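Reader: I would like to go through this model with you, one topic at a time. Could you take my questions as they come?

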Amino acid sequence: MSRGRTLSISLLLLLVSLSPMVASESAGDVTFRADSITLSPSNPVEGDDVDFTVTLTNINSSQISGVDVSLHPDSDQNTAFHQETVSISASGFVQVTGTWVDVSFGSHSVVLVVSHDGSTASVSKPVSATGLVDLIASDIQLNPNSDLHQGDVVHISVNVSNIGNNNAPSSHLLIQLDGGLLSELSVQPLLAGTSTIIQTSFNAPAAGSHQIAAIANSANDSITESDTGNNGAIPLSFNVLTN
């Protein structure tokens, strides 16, 4: 054998020996591994319902039954989100799927627990859910806010916050007067946990009672939010006096 070929084989054996090996766990006649747990969607975002599929292999040459399977969120001490008992054909395998509903933002793990023939073992797999934007409008302010007459210039300020777990791109803020369009203003990109003040002005309408409303993320900006039910600020009522 040539020296070059011997060197190549030696390097290959070295690489194999250094390659990380994922150990199998066994419970009775059942084997399973953490890296055989698959999830869909594969890159979840907060609020997703995630399907986890596990593969269990029967090392026995005859069919086995009474294999108890459970999937737990973050710890095997937490209530399982899926449980079932299965049978596995001789030297065969079975796949079990369970759904973790409404996965929250951040790093998690799914824990697979298998029991068979008086033996129990478990493996876990890390799971990470990406955060989403959550834009809200709040604290509508008018200046002046009293002694208003028709035609007076009134300044509006509205706070727009991103209380979500991801940074928000530029968006829009809709301001309405008595349910009709007053203006729709651009809002700068907002990092998670930050806010900005949006300002504009208008001329006071005819005498009477009126209302200003403000809604964040109002335009078709293709921004997916974790909560769209909190985009609107509490409307502000004001009065315009007769001249």
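This is a predicted model: local features need pLDDT of at least 70, side-chain atom pairs count only at pLDDT 80 or more; totals for chains, interfaces and linings use all residues.

Reader: Let us begin with E4. How many of the residues of E4 are buried?

Author: Of its 9 residues, 7 are buried, so E4 is largely enclosed by the rest of the structure. The strand covers residues 50–58.

Reader: In which sense do E4 and E7 pair, and over how many bridges?

Author: The pairing of E4 with E7 is antiparallel and comprises 8 bridges. Within it, Thr55 stands opposite Gln95 of E7.

Reader: And what about E3, how many bridges join it to E4?

Author: Strand E3, residues 38–40, is joined to E4 by 3 bridges, and the two run antiparallel. Ser40 has Asp51 in E4 as its bridge partner.

Reader: How do E2 and E4 pair?

Author: They are antiparallel as well, with 2 bridges between E2 and E4. Thr31 lies in E2, which spans residues 30–32, and Thr31 stands opposite Thr57 in E4.

Reader: Is Thr31 buried or exposed?

Author: Thr31 counts as buried because its relative accessibility is 16%, and the cut-off for buried is under 20%.

Reader: Which residues does Thr31 touch, apart from those up to four places away in sequence?

Author: Thr31 touches Glu25, Ser26, Thr55, Leu56, Thr57 and Ile59.

Reader: Changing topic, how many aromatic pairs does the structure hold?

Author: There are 4 aromatic pairs in the structure. One of them is formed by Phe52 and Phe81, which are tilted, with 6.0 Å centre to centre and 45 degrees between the planes.

Reader: Where do Phe52 and Phe81 sit in the chain?

Author: Phe52 belongs to strand E4, whereas Phe81 is in the loop between strand E5 (64–73) and E6; the pair links distant parts of the chain, 29 residues apart. Phe52 is buried, at 0% relative accessibility. Phe52 and Phe81 also form one aromatic cluster with Trp100.

Reader: What is the geometry of the pair Phe202 and Phe238?

Author: That pair is edge-to-face, with 6.1 Å centre to centre and 65 degrees between the planes. Phe202 lies in strand E15 (residues 195–203) and Phe238 in strand E17 (residues 236–241), so the pair ties together parts 36 residues apart in sequence.

Reader: Are Phe202 and Phe238 buried or exposed?

Author: Both Phe202 and Phe238 are buried.

Reader: Now to charges. How many salt bridges does a search of the whole structure find?

Author: The search finds 1 salt bridge. It is formed by Arg33 and Asp35, whose closest N and O atoms are 2.8 Å apart.

Reader: Why can such side chains pair at all?

Author: Side chains of opposite charge can pair when their charged atoms come close.

Reader: What are the relative accessible areas of Arg33 and Asp35?

Author: Arg33 has a relative accessible area of 33% and is partly exposed. Asp35 is partly exposed too, with a value of 40%.

Reader: Which residues is Gly92 in contact with, leaving aside neighbours within four places in sequence?

Author: Gly92 is in contact with Leu56, Thr57 and Asn58.

Note on methods: Residues are numbered from 1 along each chain as its sequence is written. Side-chain values use heavy atoms; hydrogens and water are left out. A salt bridge is a side-chain nitrogen of Lys or Arg within 4 Å of a carboxyl oxygen of Asp or Glu. Buried means under 20% relative accessible area, exposed over 50%, partly exposed in between (1.4 Å probe, protein chains only). Contact means heavy atoms within 4.5 Å. Rings of Phe, Tyr and Trp (its six-membered ring) pair if their centres lie within 6.5 Å; planes under 30 degrees apart count as stacked, over 60 as edge-to-face and the rest as tilted. Helices (H or I, at least four residues) and strands (E, at least two) are DSSP runs, numbered from the N terminus. Two strands pair if DSSP finds at least two bridges between them.
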